[in-house]
Amino acid sequence: QVQLAEPGGGLVQPGGSLRLSCAASGINFSFYVMSWYPQAPGKEREFVATITGGGSTNHVDSVKGRFTISRVNAKSTVYLQMSSLKPEDTAVYYCNANNNRYGLGARVYWGQGTQVTVSS
């Protein structure tokens with residue numbers, strides 16, 4: 001059974017920092033592209049960062065310089081280090097695992113989401 005467990009999240013003041021983690025089980029972690037998707041209230045889930053099994057990363061412009069995605073394959077865990085947080089970063093953050101295959105071999109999994117609230 002595949003699980004993506006996301007402990008952490010919480011309340012942080014504007015300008016503060018927070019690190020999210022997502023621990024995977026039931027998959028061959030190093031073969032999966034891992035991503036983070038925040039979903040703000042009343043909005044669609046949006047991609048913000050991704051990392052390949054080899055460690056190549058991509059971040060959307062709105063978080064470049066503030067958020068950093070990383071992974072430790074030996075721990076089957078992906079992280080999202082967030083700094084200079086803004087109230088508009090408030091969202092439920094979902095971890096995503098994608099094996100980047102197509103058709104019958106495609107596998108995509110989601111974590112349960114963790115709430116991040118940026119407020120004074």
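## Basis of the description

Two strands are taken to pair if DSSP finds at least two bridges between them, and strands (E, at least two residues) are DSSP runs numbered from the N terminus. The model is a predicted one, in which local features need pLDDT of at least 70 and side-chain atom pairs count only at pLDDT 80 or more, while totals for chains, interfaces and linings use all residues. Residues are numbered from 1 along each chain as its sequence is written, and side-chain values use heavy atoms, with hydrogens and water left out.

## The four-stranded sheet

An open sheet is built from four strands in the order β1-β3-β8-β7, with antiparallel pairing. Its edges are β1 (3-5) and β7 (67-72), each of which pairs on one side only. On average, and with direction ignored, neighbouring strands of this sheet are turned by 15° against each other, where the axes are lines fitted to C-alpha atoms and angles run from 0 to 180 degrees between N-to-C directions.

F67 stands opposite M82 in β8.

## The disulfide

One disulfide (a pair of cysteine sulfur atoms within 2.5 Å) is present in the structure. C22 and C95 form this disulfide, with their sulfur atoms 2.1 Å apart, and the pair links distant parts of the chain, 73 residues apart, with C22 in strand β3 (residues 18-25) and C95 in strand β9 (residues 91-98).

The torsion about the S-S bond of C22 and C95 is about -75°, and the disulfide is therefore left-handed. C22 counts as buried because its relative accessibility is 0%, and C95 likewise counts as buried at 0%, where buried means under 20% relative accessible area, exposed over 50% and partly exposed in between (1.4 Å probe, protein chains only).
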